[in-house]
Amino acid sequence: MCGIAGITTPRSWTPALQTALERLQAELRPRGPDDRGLWLSPTGRAGLSHTRLAILDLSPAGHQPMADPSGRYHITFNGEIYNFRELRAGLENAGEIFTTHSDTEVLLRLHAREGKAMLSRLRGMFALAIWDEQEQSLFLARDPFGIKPLYYCLKDGVLIFASSVNAIRRCGQVPDELEPRALQPYFETGSVPEPLTLLRDVSLLEAGHWTVWRGGTLQRGSYWEIRFPENPTPVSGAAALTREAVLDSVRSHLVSDTPVGLFLSGGIDSTVLAALARELGVPALSTFSIGVD
């Protein structure tokens with residue numbers, strides 16, 4: 001559950017933006033207690049922050065923000081890419097030489113080769129930001145189901161992004177004003193629909209979307225949407241198909257360099273996940289429940 005944040009500006013960097021970046025990082029500290037890092041572009045037009053919860057490559061080599069060997073690209077990334085080993089193998093066959101065992105470096109190398117086209121190849125949960133020093137642009141993207149949060153504010157050409165609304169709210173650069181359009185759905189359903197938030201100037205990057213900041217403006221697009229087949233699976237085969245899909249998903253979620261636990265809610269879904277994890281050979285699965293007085 002790492003925390004990512006950053007600021008880009010079409011003008012020169014100012015002490016106020018430096019302070020705002022440090023406040024962003026401080027607010028996100030609970031999301032990443034294992035490490036933290038700040039990076040500023042030599043041009044003074046971008047700053048990235050990261051607070052780390054180490055899951056893959058627990059060594060200092062997994063420190064973020066991370067740069068590619070050329071120094072052109074810098075990334076701050078929250079999440080986990082389940083198929084990073086397969087992607088890494090393909091990149092190594094293409095001549096890439098890796099210096100870490102992290103999925104972060106795989107993302108960085110893949111983006112350097114393919115740009116936003118890489119998104120369709122990723123399997124996992126993620127919110128990421130990649131600064132291009134040559135193009136002076138920032139690329140933001142969020143996983144297809146929106147598991148990892150990514151909020152942003154664009155005001156007078158300055159872009160501020162973070163893993164939480166509160167971090168942006170408290171960085172000192174965004175007015176603390178309610179968004180009227182978000183209030184009605186919040187009272188009706190208890191949630192706010194994307195891309196709205198309860199803050200007037202803060203938006204949530206929609207699930208399965210990307211955006212690019214360049215020169216103070218944003219370009220946006222989607223790379224994934226749910227598609228249903230024209231010929232539905234017969235009922236007779238639906239159970240087997242569902243079981244195999246869930247088993248495959250559980251298998252992918254067990255990719256980790258740290259122990260994996262499971263939250264037991266008392267319902268059918270978490271019980272199924274626990275049973276399938278044991279079927280896959282997890283020797284001692286730690287499970288957790290919440291009790292309320």
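These exercises walk through the fold of one predicted protein model, with worked solutions.

Residues are numbered from 1 along each chain as its sequence is written. The model is predicted, so local features need pLDDT of at least 70 and side-chain atom pairs count only at pLDDT 80 or more, while totals for chains, interfaces and linings use all residues; side-chain values use heavy atoms, with hydrogens and water left out.

**Exercise 1. The whole chain**

Task: State how many helices and strands the protein chain has, and decide whether it is as compact as a globular protein of its length.

Solution. 
- Count the elements. The chain has seven helices and 14 strands. Both are DSSP runs, numbered from the N terminus: helices are H or I with at least four residues, strands E with at least two.
- Take the radius of gyration, computed over C-alpha atoms. The value is 20 Å, close to the 19 Å from the globule rule for 293 residues, so the chain is as compact as a globular protein of that length. The rule is 2.2 Å times the number of residues to the power 0.38.
- The C-alpha trace spans about 60 × 55 × 45 Å along its principal axes.
- Of the 293 residues, 46% count as buried. Buried means under 20% relative accessible area, exposed over 50%, partly exposed in between (1.4 Å probe, protein chains only).

**Exercise 2. The sheet with β4**

Task: Give the strand order of the open sheet that holds β4, and find its edges.

Solution. 
- Write the order: β4-β5-β6-β7-β11-β12, six strands with antiparallel pairing. Two strands pair if DSSP finds at least two bridges between them.
- Find the edges. β4 (66-67) and β12 (217-222) each have a single partner strand, so one side of each lacks a neighbour in the sheet.
- Check one pair. β4 and β5 (residues 73-81) run antiparallel and are joined by two bridges. M66 has I75 of β5 as its bridge partner.
- Place the helix. Helix α3 (residues 103-114) packs on this sheet and touches β4, β5, β6 (124-132) and β7 (137-142). Its direction makes about 125 degrees with that of β5.
- Look inside α3. H111 lies in this helix. H111 is buried, at 9% relative accessible area. Beyond four places in sequence, H111 contacts Y73, K116, M118, I130 and F139. Contact means heavy atoms within 4.5 Å.

**Exercise 3. The sheet with β1**

Task: Locate A5 in its sheet and list what surrounds A5.

Solution. 
- Write the order: β2-β3-β1-β9-β8-β10, an open antiparallel sheet of six strands.
- A5 is in strand β1.
- Pair the strand. β1 (residues 3-8) and β9 (residues 158-162) are antiparallel over four bridges. In β9, A162 is the bridge partner of A5.
- Check burial. A5 counts as buried, at 0% relative accessibility.
- List the contacts. Leaving out residues up to four places away, A5 touches L24, L28, G47, L48, S49, T76, F161 and A162.

**Exercise 4. Two packed helices**

Task: Describe how α6 packs against α7.

Solution. 
- Read the geometry. α6 (residues 235-253) and α7 (residues 268-279) pack at about 70 degrees, with axes 10 Å apart. Axes are lines fitted to C-alpha atoms, for helices over the stretch in contact; angles run from 0 to 180 degrees between N-to-C directions.
- Classify the angle. The helices are therefore roughly perpendicular. That class covers 65 to 115 degrees; under 35 is roughly parallel, over 145 roughly antiparallel, and the rest oblique.
- Name the residues. α6 gives R243, V246, L247 and V250; α7 gives V272, L273, L276, A277 and E279.
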